[in-house]
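Here is a short briefing on a two-chain model. Read it with the sequence and the 3D view open.

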Amino acid sequence: MADFIFRALLAGLMVALIAGPLGCFVVWRRMSYFGDTLAHSALLGVALGLLTDISLELTVIIACLGLAFLLVFLENRRELSTDTLLGILAHSALALGLVLISFTDSQVNLVAYLFGDLLTVSAENLWWIAGTLAVVTLMVIMNWNRLLTITLHEELAQVEGLDVVRVRLLLMVLIALIVAVSMKVVGVLLITSLLIIPPSCARFFARTPESMAIIASLVGSAAVCMGLSASWLWDTPTGPSIVLSASLLFIASRLLKNSAPG
Amino acid sequence: MNTPFLINAQGISLQLQQKQILHNISLHINEQQIVTLIGPNGAGKTSLARIVLGLTRHSSGKVERRKGLRVGYMPQRLHVEPTMPVSVEKFLTLAVNARKGEVDRALAEVNATALKSNQLHDLSGGELQRVLLARALIQDPQLLVLDEPAQGVDVNGQAELYRLITNIRDRHKCGVLLVSHDLHLVMSATDEVICLNQHVCCHGHPETVSNDPAYLELFGKKDAETLAVYTHHHNHSHDLAGDVVKDHSDC
């Protein structure tokens, strides 16, 4: 098998595996707009990288983390609803990104950032993805029960002595990190679907939070394999093919659930 | 007043966005004492409970908690996302400080052992309240704070729930702060009633409070008569905005 396909598969599977559990929290806590906003700011990160000659991976992560912290700060002021704040931040970040990109001399292939460019993943990209996701995975495993506790009832958790603000911030940082590294896989416009669709499939079959997370990982991985195969066989764009595969799996699991007894 | 207190709050006021929610409230909860907060909607009952819990910062006044106070909290409602599959057992195991065996014991105590492997979002209102109570018990609380525990529970269930709470107080020797807007069943179990409408309208033993004109004013004569357990006297009434109007007829 060609090297580039192998690298693409590896990067896609790594992202899908950890997008499963994190995506569950996005679904449970209704944070999908937050995911979108992060994705928009990822493009700002690209612009910053191009302008400053710092590694793109790093500036994208910085932009996503910066946005997450800014959101927490603004939320605490309680002047506007989170929904409105996200709308302001998402589009400001996107617009700023696009304006900044126009200042760079380089010929920027915007489509690659918007829809992903999995087939051009380099060995260096792979290390970035692997390193970041290793940290994210470790944090998710270590904090799994705490994350579940604040998701069920934040104030109950707080009265019981949990540092709710810290756990919530941790979750936002972890989502920011996965969004930052997934840009290469499915692109800015499609990242959220990778977080949302696999857990939605998993919900039909899961009886525990853990099984939902694991099934979501498996569904995401299957979508990556299917999308890459389609891209290989029919020369379709990789990112959209992966997302479309996930959508098909969603429809299939819905039908399967309907036909199953109970 | 030398009994060891659990909560001693003096002169608590709360202002949110220029709106006065609570005005000069004092609240004292002793060991094994059941204190009930009653009052109409918007009287600030939940806000006061949240201040006791440390979830809301009061604007002025002083709240003293006993050192290392263990609190069990039963929130008004638990909204479980239908997208989240979680069993009763898992929900209880997630309680911070939950120890092994504690979950079974707490479930048995609220007569909910049979619910253990049920999914949380399949529970009825009454079942969910009992599971929430079990979660509060896992903390081995010295103080139980129950915010409208009987909400969404039918009348028979309510009587049973209040009996359960009294039993728990006797068994665990804990203090209880109960928030409620219905008086019918609360009263018999209560040691002290605080009738709240942004300030303390009246307080005392249930029988004293239920004859109080301010209490009658607050809840309407008809309602109050059907209850007629709680007798006390007030020196003022409230207009529609909840502001204090000095009452010339009574005191």
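A:Ile175 touches A:Leu22, A:Val26, A:Phe34, A:Gly35 and A:Leu38, leaving out residues up to four places away in sequence. Contact here means that C-beta atoms, placed from the backbone, lie within 7 Å. This is a predicted model: local features need pLDDT of at least 70, side-chain atom pairs count only at pLDDT 80 or more, and totals for chains, interfaces and linings use all residues. Residues are numbered from 1 along each chain as its sequence is written, while chains are lettered from A and ligands numbered from 1 in the order in which they are written.

**Nonpolar core**

- The largest nonpolar core has 156 residues, and A:Ala42, A:Cys64 and A:Ile175 touch the most other members.
- Such a core is a set of buried Ala, Val, Leu, Ile, Met, Phe, Trp, Tyr and Cys residues joined through C-beta atoms within 7 Å.
- A residue is buried if 20 or more other C-beta atoms lie within 10 Å of its own, exposed if 12 or fewer, and partly exposed in between.
- In soluble globular proteins, nonpolar side chains tend to be buried together.

**Helix H2 of chain A**

- Helix H2 of chain A covers residues 32–52, and its end C-alpha atoms are 30 Å apart.
- That agrees with the 30 Å that its 21 residues should span at 1.5 Å a residue, where the expected span is 1.5 Å times one less than the number of residues.
- Of the 21 residues of H2(A), 15 are buried, so the rest of the structure largely encloses this helix.
- Helices (H or I, at least four residues) and strands (E, at least two) are DSSP runs, numbered from the N terminus.

**Where chain A meets chain B**

- On chain A, 21 residues are in contact with 19 residues of chain B.
- Helices H1 (3–28), H6 (123–152), H7 (154–159) and H10 (209–234) of chain A each give two or more residues to this side.
- H7(A) gives the most, with five residues.
- The chain A side divides into eleven nonpolar, six polar and four charged residues.
- In this count, Ala, Val, Leu, Ile, Met, Phe, Trp, Tyr, Cys and Pro are nonpolar, Asp, Glu, Lys and Arg are charged, and the others, Gly among them, are polar.

**Chain B overall**

- Chain B holds eight helices and eleven strands.
- Of its 251 residues, 45% are buried.
- Among chain B contacts with a separation of 6 or more, 62% join residues 24 or more positions apart.

**The six-stranded sheet of chain B**

- Six strands of chain B form an open, mixed sheet in the order E5-E6-E7-E3-E8-E9.
- Two strands pair if DSSP finds at least two bridges between them.
- Strands E5 (71–74) and E9 (199–204) of chain B are the edges, each pairing on one side only.
- Neighbouring strands of this sheet are turned by 15 degrees against each other on average, direction ignored.
- Helix H4 (residues 125–138) of chain B packs on the sheet, touching E5 and strand E6 (143–147) of chain B.
- The direction of H4(B) makes about 165 degrees with that of E5(B); axes are lines fitted to C-alpha atoms, for helices over the stretch in contact, and angles run from 0 to 180 degrees between N-to-C directions.

**Strand E8 of chain B**

- Five of the six residues of E8(B) are buried, so the rest of the structure largely encloses this strand.
- Strand E3 (residues 34–38) of chain B runs parallel to E8(B), and four bridges join them.
- B:Thr36 stands opposite B:Val193 in E8(B).
- E8 (residues 192–197) of chain B pairs with E9(B) in the antiparallel sense over five bridges.
- B:Leu196 stands opposite B:Val200 in E9(B).
- One residue lies between E8(B) and E9(B) in their hairpin, and B:Gln198 in the turn has a positive phi of about 70 degrees.

**B:Ala49**

- B:Ala49 lies in helix H1 (residues 45–53) of chain B.
- B:Ala49 counts as buried because it has 23 C-beta neighbours inside 10 Å.
- Apart from neighbours within four places in sequence, B:Ala49 is in contact with B:Leu37, B:Val145, B:Asp147, B:Leu177 and B:Val179.
- B:Ala49 and B:Leu177 are 128 residues apart along the chain, yet their C-alpha atoms are separated by 7.8 Å.

Conventions:
Contact = placed C-beta atoms within 7 Å.
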